[in-house]
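Biologist: I would like to learn how to read contacts and packing in a model of this kind. Please take one feature at a time.

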Amino acid sequence: DIDKQTLINTEEPSLKGNQVTRALDNHINGAHSSQIDDRDYLKTECGKSDDEIDRLWQLHDQYMSRYKDRTQKRLWGIISSNAFSNQEKDFQKRVYLNTSRFNH
């Protein structure tokens with residue numbers, strides 16, 4: 001039985017698995033050095049629309065002060081600030097647009 005006050009998340013992740021891993025790796029190894037690189041990755045590699053990408057940029061990035069250009073959020077920071085993982089999904093990192101906004 002689930003208590004009637006329990007919030008059940010049925011949202012599909014916007015980014016998951018290899019999409020997250022590659023984005024983090026691309027930031028760490030310097031392949032992506034700007035939001036333009038991140039946007040191109042999201043469009044070409046992840047198949048995200050402009051609207052989905054714009055919604056990602058609305059998420060919290062707690063690492064903005066670390067970037068060369070401190071006026072633009074980065075995909076690495078958004079993933080690092082908002083990714084969820086749990087045992088049921090083999091600890092695979094996932095980013096949810098609506099749930100992440102709810103949590104911040």
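Biologist: How do the axes of α2 and α3 cross?

Modeller: Two packed helices are described by the angle between their axes and the distance between the axes. Here the axes of α2 and α3 come within 10 Å and cross at roughly 135 degrees. That angle makes α2 oblique to α3; angles under 35 degrees count as roughly parallel, over 145 as roughly antiparallel, 65 to 115 as roughly perpendicular and the rest as oblique. The axes are lines fitted to C-alpha atoms, for helices over the stretch in contact, with angles running from 0 to 180 degrees between N-to-C directions. α2 passes α3 in a right-handed crossing. A crossing is right-handed if the near helix is turned clockwise from the far one by less than a right angle, and left-handed if anticlockwise.

Biologist: What should I know about the model and its numbering?

Modeller: This is a predicted model, in which local features need pLDDT of at least 70 and side-chain atom pairs count only at pLDDT 80 or more, while totals for chains, interfaces and linings use all residues. Residues are numbered from 1 along each chain as its sequence is written, and side-chain values use heavy atoms, with hydrogens and water left out. Helices (H or I, at least four residues) and strands (E, at least two) are DSSP runs, numbered from the N terminus.

Biologist: How many salt bridges does a search of the whole structure find?

Modeller: Side chains of opposite charge can pair when their charged atoms come close. The search finds 4 salt bridges, each a side-chain nitrogen of Lys or Arg within 4 Å of a carboxyl oxygen of Asp or Glu. One of them joins Arg 39 and Asp 54, at 2.8 Å from N to O. This pair links distant parts of the chain, with Arg 39 in helix α2 and Asp 54 in helix α3, 15 residues apart. Another joins Asp 50 to Lys 43, whose closest N and O atoms are 2.6 Å apart. Salt bridges that share partners join Arg 39, Lys 43, Asp 50 and Asp 54 into one network.

Biologist: Which residue meets Asp 38 in a salt bridge?

Modeller: Arg 74 does, at 2.7 Å from N to O. The two come from distant parts of the chain, 36 residues apart: Asp 38 is in helix α2 (residues 35–44) and Arg 74 in the loop between α3 (50–57) and α4 (75–82). Asp 38 is buried at 2% relative accessible area, and Arg 74 is buried at 6%. Arg 74 also lies over the face of Tyr 67, 5.9 Å from the ring centre. For that, NZ of Lys or CZ of Arg must be within 6 Å of the ring centre and within 35 degrees of the ring normal.

Biologist: How many aromatic pairs does the structure hold?

Modeller: It holds 2 aromatic pairs. Rings of Phe, Tyr and Trp (its six-membered ring) pair if their centres lie within 6.5 Å; planes under 30 degrees apart count as stacked, over 60 as edge-to-face and the rest as tilted. The rings of Tyr 63 and Trp 76 have centres 4.8 Å apart and planes at 55 degrees, so this pair is tilted. Tyr 63 is in the loop between α3 and α4, and Trp 76 is in helix α4, 13 residues apart. Tyr 63 is buried at 18%, and Trp 76 is buried at 16%. The rings of Phe 84 and Tyr 96 have centres 5.9 Å apart and planes at 65 degrees, so that pair is edge-to-face.

Biologist: Why is α4 described as largely enclosed by the rest of the structure?

Modeller: Because 7 of its 8 residues are buried. Among them are Leu 75, Trp 76 and Ile 79. The axes of α1 and α4 come within 9 Å and cross at roughly 125 degrees, which makes α1 oblique to α4. α1 passes α4 in a left-handed crossing.

Key. Buried < 20%, exposed > 50% of the residue type's maximum accessible area, 1.4 Å probe, protein only.
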